[in-house]
Amino acid sequence: MTASGEVMRELPAHVRLERWYRRLLWAYPIGYRRAHGEEILAVLMDSAEPDRRIPARADVVDLVRGAVRQWFRLPIGRMAVVAAVLSAVILGAVGAGVGSWLAWQAAVLPSDASAIHTAETVRGVPLRAPELSRQDWLGNPQRNGVNVADEQSSDWTLEAAKARLRAEGWTPGGSEMYSGAPVIRGGRQLEAASEEFHAIKDGAVVTVSAVTILTPGEVGTSLATHLGVTGPRWEPVAIMLGGLVGAVIGWLLTGWAGYRLRRRTLSRRLTVVALGLTALWLAAGPTIGLYETLADLAFPGSEAQPADPAYFWLFLNHRAQQLHGALAMGLAILVVAAMSRRQREARPTATVT
Amino acid sequence: MQEPTFLILTALATGPKHGYGVTQEVAELSEGTVKLRAGTLYGALDRLVEQELVMVDRQEIVDGRLRRYYRLTDAGAGKLAEQARRLRKHAEAAESRLQARPNVAFGFTATPFGARP
């Protein structure tokens, strides 16, 4: 009896235990719980010591482990495992790209005015006719920076440009020289040398590409300045989380489709195999590209460079359409699987004793 | 084949059993060394049903609780027999090699007439 005189009704131990077990069974996929939940419960209750009110820790661990196994379960056979791994790898890449895209939505990107100001610092004089673009040299849209190109100048030197950047708080890195690539101008082939360097300041990266014409009478330097950002600070976390979610979704969908398509007609299974192989062929290039970008993010070089966002491969790259095609094929497989009714196990009718 | 799977098939060899019956039989067969818990048992049983080595025999409701009985299929019996043969062969090979093993201890080889250097 409580202090207020209310009678507390203590539930019998086995009722409390059963409630605990029922709660734990919610960890299982719904289909599995419907098929086996009651008999698992019967075994748990039969195995429990009398007067036990809460489940033994070993039973809890065993049930949770069993539930995880059921969620990630695949049909028997190597083919299902290979398909699940490939789906996890591809959708993991897609998930990482989505994570990267979400992270970049919060990034503060350089404005046109700041890009022109930086380009003028590099040049040393106000630009006469700056050309701004947010596209890379392949014509792909760039979200992580602005390119500023200017006319040729005859008195520009790399060391002076670095000194001006230093004076504005930038930290320039070493220069890389490229030579041997001639420049075609007015139908004439001119000898040229290219130099490039990066400078960083507060998460911003400026990349200066200078092409100097060495042919007498044509001497001068054309500059291209790219002002970008190194990438949002929490982009790696967003990429990892997105990748994990994508990989898990890939695995689960493969398991679901695998069970749906099991023992279906040969024509249906051949259709799915053809769709799957086409999806794999389409996804291979962009997926490898995306993982290479992720590797660059994970293991950056000694010098900071403007980060190529991982989501580039999802929406902006010219090969992103291949990935979209692969995802459409995957969707088609899911539609074929959804049209196949799950085969039910023949169960005898229960007798009550 | 993993040990719990082998023991479950062995437990079902004598006739249909429900889940709790299987756990009891497995504990007895393994002399208490293998204790099958419900999550593991039904994970294994489900796999065995999928492989058509085991099938549902009947189900009863006893004291309001569902008891589903499982039985070994012919394919299951064949698989169990094959596994038993393989294990017996391995055990015989191990025993014969152990008998042929020289009794080496502390750098001395035991002979029927005592140790010699």
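Helices here are DSSP runs of H or I with at least four residues, strands are runs of E with at least two, and both are numbered from the N terminus. With that in hand: E52(B) sits in the loop between helix 3 and strand 2 (54–62) of chain B. I'll come back to that residue.

Quick housekeeping. This is a predicted model, where local features need pLDDT of at least 70, side-chain atom pairs count only at pLDDT 80 or more, and totals for chains, interfaces and linings use all residues. Residues are numbered from 1 along each chain as its sequence is written, while chains are lettered from A and ligands numbered from 1 in the order in which they are written.

OK, the two chains. Chain A has 10 helices and nine strands, and 32% of its 353 residues count as buried. Buried means 20 or more other C-beta atoms within 10 Å of the residue's own, exposed means 12 or fewer, and partly exposed is in between, with C-beta atoms placed from the backbone. Chain B has four helices and six strands, running α-β-α-α-β-β-α-β-β-β along the sequence. Of its 117 residues, 26% are buried.

Now contacts, meaning C-beta atoms, placed from the backbone, within 7 Å. Take contacts between residues at least 6 apart in sequence: in chain A, 71% of those join residues at least 24 apart. For chain B, with that cut-off of at least 6 apart, the figure for at least 24 apart is 40%.

So where do the chains meet? The contact takes 24 residues from chain A and 22 residues from chain B. On the chain A side, helix 2 (30–47), helix 3 (57–71) and strand 9 (350–352) each put in at least two residues. Helix 2 of chain A gives the most, with 10 residues. By class, that side of chain A has 11 nonpolar, five polar and eight charged residues. For the record, Ala, Val, Leu, Ile, Met, Phe, Trp, Tyr, Cys and Pro go down as nonpolar, Asp, Glu, Lys and Arg as charged, and the others, Gly among them, as polar.

On to the cores. A nonpolar core is a set of buried Ala, Val, Leu, Ile, Met, Phe, Trp, Tyr and Cys residues joined through C-beta atoms within 7 Å. The largest has 34 residues, and A310(A), Y311(A), L314(A) and A326(A) touch the most other members. Which helices of chain A each supply at least two residues of this core? Helix 4 (78–105), helix 7 (235–261), helix 8 (266–298), helix 9 (312–316) and helix 10 (320–339) do. Helix 4 of chain A gives the most, with 12 residues. Then there's a second, separate core of 31 residues, which includes L24(A), A67(A), L41(B) and L53(B).

Helix 2 of chain B (residues 19–29) buries G19(B), V22(B), T23(B) and V26(B). Looking down the axis, those buried residues fall within an arc of 100°, so they line one face of the helix; the arc is that of the directions from the helix axis to the C-beta atoms. What do they pack against? Helix 2 of chain A, plus helix 1 (3–13), strand 1 (17–18) and helix 3 (38–50) of chain B.

Helix 3 of chain B has 13 residues, which at 1.5 Å a residue should span 18 Å, and its end C-alpha atoms are 18 Å apart, so that agrees. The expected span is 1.5 Å times one less than the number of residues. Its buried residues include L41(B), Y42(B), L45(B) and L48(B).

Most residues other than glycine have a negative phi. E31(B), though, has a positive phi near 55°, in the loop between helix 2 and helix 3 of chain B. And here's E52(B) again: its phi is positive, about 60°, although it is not a glycine. Buried or exposed, with 12 C-beta neighbours inside 10 Å? E52(B) counts as exposed, and E31(B), with 7 such neighbours inside 10 Å, counts as exposed too.

Last bit, the strands; two strands pair if DSSP finds at least two bridges between them. Strand 2 and strand 3 of chain B pair antiparallel over eight bridges, with I61(B) opposite L66(B). Strand 1 and strand 3 (residues 65–72) of chain B pair antiparallel over two bridges, and there H18(B) stands opposite Y69(B). That's it from me.

Key: Contact = placed C-beta atoms within 7 Å.
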